[in-house]
Amino acid sequence: MKMEAAPAPTPSSCPSTPRWNVERPFLTGRFHQETKATSRLAETRFSFDSFSPGLEKPIGCYDAAVQELIVIDDLLSALVGIEGRYISIKRIRGMENEITFLVDASMDLALQELAKRIFPLCKSFLLIDQFVESKSQFRNGLVNHAFAAALRALLLDYLAMVAQLEHQFRLGRLSIQGLWFYCQPMMGCMLALSTVIQKAAANSFTGSAVLNLLQSQSKAMAGDNAVRSLLEKMAQHASNAYLGILERWVYEGVIDDPYGEFFIAENKSLQKVPATENSKLTIFGSNHHYLECVKGAYEFASSELLNLMKEMYDLIGKLRSIKHYLLLDQGDFLVHFMDIARDELVKKLDEISVEKLQSLLDLALRSTAAAADPCHEDLTCCVEASSLLKRLAMLTDLGTKTVSDRNDIEEPISITGLETFTLSYKVQWPLSIVISRRALTKYQLIFRFLFHCKHAERQLCGAWQVHQGVRALNLHGTAISRSSLLCRSMLKFINSLLHYLTFEVLEPNWHVMHDRLQTAKSIDEVIQHHDFFLDKCLRECLLLLPELLKKVERLKSLCLQYAAAIQWLISSSIDIPKLDDSSDGSKQRKSPQAIKITTQNTTVTDSILKFEREFNAELQSLRPLLSTSSQAEPYLTHLAQCVLGIGNDQ
């Protein structure tokens, strides 16, 4: 299990190491190395021309049998980090891991080769011993303390092995080949441990980073069972302290982390989780029993959190309230708001007062059935900086590519609040775990689409009322009668779209999510069901289908342009012109009320016919696209049928 690394603890948060632990060399394992070199330099003249320090003769002066005895004695010293007479240890200041063993050049070549085979074990001992001393300080944390303690116990076994070899040597029973034979079993383990501690020291690893390193290294040594078992044992010892912190956090909600090694910080103001009798977290290696313990505690905590959110914080009620406002389940407040805020919404972005819109929204909420909702005060309004299409193009975290190229989206020249207005909702913790900022963004995208469709519907209804106002006049065969048919087609399109969005997408999907939330067993299931609901609604509302969405937006734009133009054209027209002249040249009688002072008669006809051609052309281009898409996306079938039926009555 990969654990998160914790930030390094600050020096002020750790106890200081006593000075006598550094100033008194005989308390450390390296005193015999440092004091020996110092004393020799002080008492004798060191010859830089010859290898051997002091007054020692070159080892080549002795017979091969004597050389072997001398080399064995020096190697036994080197195995515990002590220089011999003809084997020296070279260190580079500032580079603690750079350790080199040198032999007298006059030594027998066979003895040199065998000695060099044992030097890696000597170097590994020095590195491990140095790591144990350095990582036992307070500031390195409990995991490093436990790891160093396990290494110290291993070094005791190693020193016992060297002592036994020395005893055999004193009895005359140890040859250099025998020394190499007895050292081989420890060679692989010590080299593997030295590799781990060098990586840990180079990266200043603490806490879970050390455990991750041990675990990954043990997996890498799967071919060597002895080394793998040793590394797993080291990981188990090193993890005891970390699992102790994890255990208290999981079962008690308490973080006992004196050196800042844990991956989270504690909020002491929160009520703790009650302790249980579950198994303790004592195993970290290949046995994953601790995962079952953590899983059990997680399920309990998740269930408790879910119950808290449902009962105390009324999660379902909050979601239902968001559905009322952002998904326009109860739109009476929106009708009132659009009436009183129209003058502000038609302004350009830099002229809109969000504070005024908020006060008008509050007034609309208090004046309608929304006042009975205790959550209505959490509703706020805001104005985006871009249109819906541009906003969708800028979002890259929806999980689906929404547009092929965001640069091909043309922003309206004079964008107003009607295109950018949206609602937001205040959500406090712990409900923000489910209703996150990302989830609210998805709600807002759906609201903006619905809001603009509602606006287009209201404008077309206004145009329809204008047509009804002149219905009593004798206008059959005129441009106005043709305009009435066009207005009805546009209304049918917008109403079909709104019906599809509301009753075929949002409502069914909401009820499915609601039923799933009732049976959810954990907070993760709730988040999954909620996110699935939003993603499904986004897609079925065409917001993740860029080609269809662009066509629909173009049709809505034409509807709005027509609704605004037709009211002015009708109010300013004089003799209502016919679309074609009569074959007999006779004139139809018109009511005197239809005659007004305005510009040329052809203006009305040309404008209406232009809107009709553009709307029908866009509608015709939408039909095959919608039909093709409905084959891959079955939920679009009914919308396709509705759109295919528009315009047949013209």
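Author: Proline 430 sits in the loop between strand E4 (421–425) and helix H16 (437–469). Helices (H or I, at least four residues) and strands (E, at least two) are DSSP runs, numbered from the N terminus. The model is a predicted one, in which local features need pLDDT of at least 70 and side-chain atom pairs count only at pLDDT 80 or more, while totals for chains, interfaces and linings use all residues. Residues are numbered from 1 along each chain as its sequence is written, and side-chain values use heavy atoms, with hydrogens and water left out.

The peptide bond between tryptophan 429 and proline 430 is cis, with omega about 5°. Serine 204 belongs to the loop between H6 and helix H7 (208–220). For background, most residues other than glycine have a negative phi, and most peptide bonds are trans.

The helices on either side of serine 204's loop, H6 and H7, have axes that come within 10 Å and cross at roughly 145°. Axes are lines fitted to C-alpha atoms, for helices over the stretch in contact, and angles run from 0 to 180 degrees between N-to-C directions. H6 passes H7 in a right-handed crossing; a crossing is left-handed if the near helix is turned anticlockwise from the far one by less than a right angle, and right-handed if clockwise. Thr195, Val196, Lys199 and Ala200 of H6 meet Leu213, Leu214 and Gln217 of H7, where contact means heavy atoms within 4.5 Å. By class, this contact of H6 with H7 has four nonpolar, two polar and one charged residues. Here Ala, Val, Leu, Ile, Met, Phe, Trp, Tyr, Cys and Pro count as nonpolar, Asp, Glu, Lys and Arg as charged, and the others, Gly among them, as polar.

H6 (residues 176–202) also packs against H5 (residues 141–170), at an angle of about 165° and with the axes 12 Å apart. H5 is therefore roughly antiparallel to H6; angles under 35 degrees count as roughly parallel, over 145 as roughly antiparallel, 65 to 115 as roughly perpendicular and the rest as oblique. This crossing of H5 and H6 is left-handed. H5 contributes Phe147, Leu151, Leu154, Leu155, Tyr158, Met161 and Leu165, and H6 contributes Leu179, Tyr182, Cys183, Met186, Met190, Leu193, Val196 and Ile197. That contact has 15 nonpolar residues, with no polar and no charged ones.

Leu334, Val335, Met338 and Asp339 in H11 meet Phe451, Lys454, His455 and Arg458 in H16. The residues of this contact divide into four nonpolar, one polar and three charged.
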